[in-house]
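Visitor: I would like to go through this model and ask what stands behind the terms used for it.

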Amino acid sequence: MERQTMLANADLTAKLRESISPALPYNASLIALDILVAVTRASNAQKPLSVKQLLATLPYSVTGVRYNLSQLVADGWLIKSRRADDRRLVRLLPTDRVAEAFAEVRRECESQLRVPPD
């Protein structure tokens with residue numbers, strides 16, 4: 001998928017998240033979505049996030065982010081990649097599955113926008 005398209009898809013998903021958050025019941029947590037957006041944006045800017053940077057970026061507990069991050073890696077949404085020059089540093093990268101999911105969100109939003117309001 002073209003890099004610019006993938007970034008546009010991630011940006012649209014972030015905007016959707018910002019607009020729907022106040023309407024979610026019980027102050028619902030979307031930690032996994034925020035992780036995917038942050039990792040995708042950083043990766044497309046050619047500045048992949050380390051786990052430490054991700055933890056500093058998101059307004060959630062370390063435990064909540066680590067738990068969701070582990071699930072996203074286990075389920076094939078993200079990969080952890082060690083840097084060749086310093087094996088201690090782990091960078092987070094989105095898989096094609098993330099690009100496809102953001103593209104689907106974008107298509108759904110665009111189709112909803114084309115439907116006239118009631």
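The questions below concern a predicted model.

Visitor: Why are helix 2 and helix 4 called roughly perpendicular?
Guide: Helix 2 (residues 31-44) and helix 4 (residues 62-74) pack at an angle of about 70 degrees. Angles of 65 to 115 degrees count as roughly perpendicular, and the two helices are therefore given that description. Their axes are 9 Å apart.

Visitor: Which residues meet where helix 2 packs on helix 4?
Guide: From helix 2 come Ile 31, Ala 32, Ile 35 and Leu 36; from helix 4 come Gly 64, Val 65, Asn 68, Leu 69 and Leu 72. By class, this contact has 7 nonpolar, 2 polar and no charged residues. Gly counts as polar here.

Visitor: Which residues touch the most other members of the largest nonpolar core?
Guide: That core has 21 residues, and Ile 35, Leu 54, Val 65, Leu 69 and Leu 78 touch the most other members. Helix 2 gives the most to the core, with 7 residues.

Visitor: What is Leu 69 in contact with, leaving aside its neighbours within four places in sequence?
Guide: Leu 69 has heavy atoms within 4.5 Å of Ile 35, Val 51, Leu 54, Leu 78 and Leu 92.

Visitor: What makes strand 2 largely enclosed by the rest of the structure?
Guide: Buried means under 20% relative accessible area. In strand 2 (residues 90-94), 4 of the 5 residues are buried, so the strand is largely enclosed.

Visitor: How do you know that strand 1 and strand 2 pair?
Guide: Pairing requires at least two bridges, and 5 bridges join strand 1 (residues 78-82) to strand 2; therefore the two strands count as paired. They run antiparallel, and Ile 79 stands opposite Leu 93 in strand 2.

Definitions and conventions: Residues are numbered from 1 along each chain as its sequence is written. This is a predicted model: local features need pLDDT of at least 70, side-chain atom pairs count only at pLDDT 80 or more; totals for chains, interfaces and linings use all residues. Side-chain values use heavy atoms; hydrogens and water are left out. Axes are lines fitted to C-alpha atoms, for helices over the stretch in contact, and angles run from 0 to 180 degrees between N-to-C directions. Angles under 35 degrees count as roughly parallel, over 145 as roughly antiparallel, 65 to 115 as roughly perpendicular and the rest as oblique. A nonpolar core is a set of buried Ala, Val, Leu, Ile, Met, Phe, Trp, Tyr and Cys residues joined through side-chain atoms within 4.5 Å. Buried means under 20% relative accessible area, exposed over 50%, partly exposed in between (1.4 Å probe, protein chains only).
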